[in-house]
Amino acid sequence: MIEVDKLTKYFGERAAIRDLSFSIAKGEVIGFLGLNGAGKTTTLRILGCLLLPSSGTVTVDGIEVTQDPYAIRRNIGFLPDTPPLYMEMTVGAYLAFAARLRHVPRPELAARVTEAEEKTALREVHSEVIGELSHGFRQRVGVAQAIVHKPALLILDEPSAGLDPAQIVEMRNMLRGLRGEHTVLISSHFLTEISQTCDRLLVIQAGELVGQGTEDELAQAMGQGSSVIEVEVKAQPSGLAERLTGIAGVSKVRIVASSDSATTLEIKSTRDVRAEVARQLVTAGCDLLRLEQNERRLESIFMNLTHTPAGGPQ
Amino acid sequence: MTATWLIARRELGAYLRTMSGYVIAAAALFVQGILFNALALGSEQNRMSTEVLSQFFWVYSGTIIVVSVLLSMRLLAEERQTGTIVLLSSSPVREYEIVLGKFFSALIFLILITLPSVFMPLLILVNGKLSVGHVATGYLGLFLLGSACLAIGALGSTLARTQLLAVIISGGMIAGMILLFPMGSLTERPLNDVLMALGLWHRHFPPFQSGLINLRDVIYYIAVTYFALFIAIRVLEARRWR
């Protein structure tokens, strides 16, 4: 559905994105992951035909964005980082306006608006003025305007920005509900949200693609195939790290924190080495206080990818 | 063109749903009423009806210029300030449809708030005679002048990032165009003819004021409207490349 080849965008002298290449199949749910300023928004704006690229090609459904952006926009639903809401309009009137702009025929208008409101749980505020709604509702109105014309491609730039934890869960469930009807691109720095909602992740760092694939594929590429474990021992760390590195499968041992009473180590390995680590520690005479598998795997993949200098592991 | 009409209708709704539209309308009518009373009706000596009427349109042209700048400042600058422009630019809408929709909404609103002033020239009937043709011609002149100023205002609003900046830019452009005439009168031939003919007010408005329609003046105001809107559309198109 989308083919991006050597996409580059300059703002003045500065390249916001450089030589991005990737492709997205119809029906996929893709997560764009990156720190602020990494180039996520610029990439999404180009895919949404709001901006034109400086060089490189982007084709959506076989149409080049510089050739006929008008035709592409007909099949796109776009939610920017701040939802584009006319504060003085009612939710219903606003959605009808958005639908008419995207060529929804008049006879279908009421049905489409109702459908979008139902999917985003906005039925109850249909006649309310947008300016009087809470932030969570406004964000949902933003999503509703993007889906009201049933676009083939749905682009959501940080749909969960500024929401409270309960609203984030609601938003996540809503996004899951959209799966299957559209090809969806979501950008976020909420890693947990993206790993649970998306089929595939594209990690962008300083305008370049530094990793892509499923969470497992990314972990594999980063040499975090199976696990990261953390141990806390009541001993001096001298010689301890070397001893643990000797265990088959352990790739890296790092001292995370150290005090007079205890030392915390992080052990990266390609297989489950918990039993061996425990045995080694005990035979070495260390008092084992804690040993746990690190749950925040995606987070560490993300941190690793975005902290590697550009041109690092792909 | 459907999109033009949709945008114009929404924009007109925004003028009517928010305070600013009513405030501008009320202020314009109030100021015009006071000025009409003070300048046209207030004088002691006896005057011809046409003279009073002419003075009414003379005063009103100033009001129209100020109101046009105020009405047009929000057109695109506000959308950019609040980010709502993305709704339009991510939809299958062409730039000319955005600019024309905005411009027509402001023009329709300007007509709506100018119409209630018709009672003022009718007051002349109390003590004098009135030519309907003269009144109609004066209003045609106001309409053409307003359309040119709104188009320049729309251009200023497209260039500016904030509404305040839009007012300053459009106000500056309009003042500059009005001053072309006095500036032209200070220069020598052949430059003075060109500058004076390009002036926004001195040569082209007074004929309407005294009940005279020159094709030259009508074409001038339409041309100014066209060029200002044309540049505004180009500016908006260019923004996609930046």
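A residue counts as buried if 20 or more other C-beta atoms lie within 10 Å of its own, as exposed if 12 or fewer do, and as partly exposed in between, with C-beta atoms placed from the backbone. Keep that in mind as we walk through this predicted model, in which local features need pLDDT of at least 70, side-chain atom pairs count only at pLDDT 80 or more, and totals for chains, interfaces and linings use all residues. Residues are numbered from 1 along each chain as its sequence is written, while chains are lettered from A and ligands numbered from 1 in the order in which they are written.

Let us start with chain A as a whole. Its C-alpha trace spans about 80 × 45 × 35 Å along its principal axes, and buried residues make up 41% of its 314 residues. Chain A holds eleven helices and 14 strands; these are DSSP runs numbered from the N terminus, with helices being H or I of at least four residues and strands being E of at least two. The domain assignment, which is automatic or from a database, gives domain 1 (2-220) and domain 2 (225-307) of chain A. Taken over C-alpha atoms, the centres of these two domains are 40 Å apart.

Now look for the sheet. Six strands of chain A form an open sheet with mixed pairing, in the order β6-β7-β8-β3-β9-β10; two strands pair if DSSP finds at least two bridges between them. Strands β6 (76-79) and β10 (208-213) of chain A stand at the edges, each with a single partner strand, so one side of each has no neighbour in the sheet.

Five of its five residues are buried, so β7(A) is largely enclosed by the rest of the structure. Four bridges join β6(A) to β7(A) in parallel, and A:L79 stands opposite A:L156. Toward β8(A), β7(A) makes five bridges, again in parallel, with A:L185 as the bridge partner of A:I155.

Which residues have the most contacts inside the largest nonpolar core? They are A:Y94, A:L95, A:I155, B:A151 and B:A154, in a core of 132 residues. Such a core is a set of buried Ala, Val, Leu, Ile, Met, Phe, Trp, Tyr and Cys residues joined through C-beta atoms within 7 Å. Helix α3 (residues 49-72) of chain B contributes the largest share, eleven residues. A second, separate core has twelve residues, among them A:V253, A:L265, A:V273 and A:L281.

Finally, see where the chains meet. In all, 22 residues of chain A are in contact with 18 residues of chain B, contact being C-beta atoms, placed from the backbone, within 7 Å. On the side of chain A that touches chain B, α2 (69-73), β6 and α3 (91-101) of chain A each give two or more residues. Helix α3(A) gives the most there, with four residues.

Technical notes:
Two residues are in contact if their C-beta atoms, placed from the backbone, lie within 7 Å.
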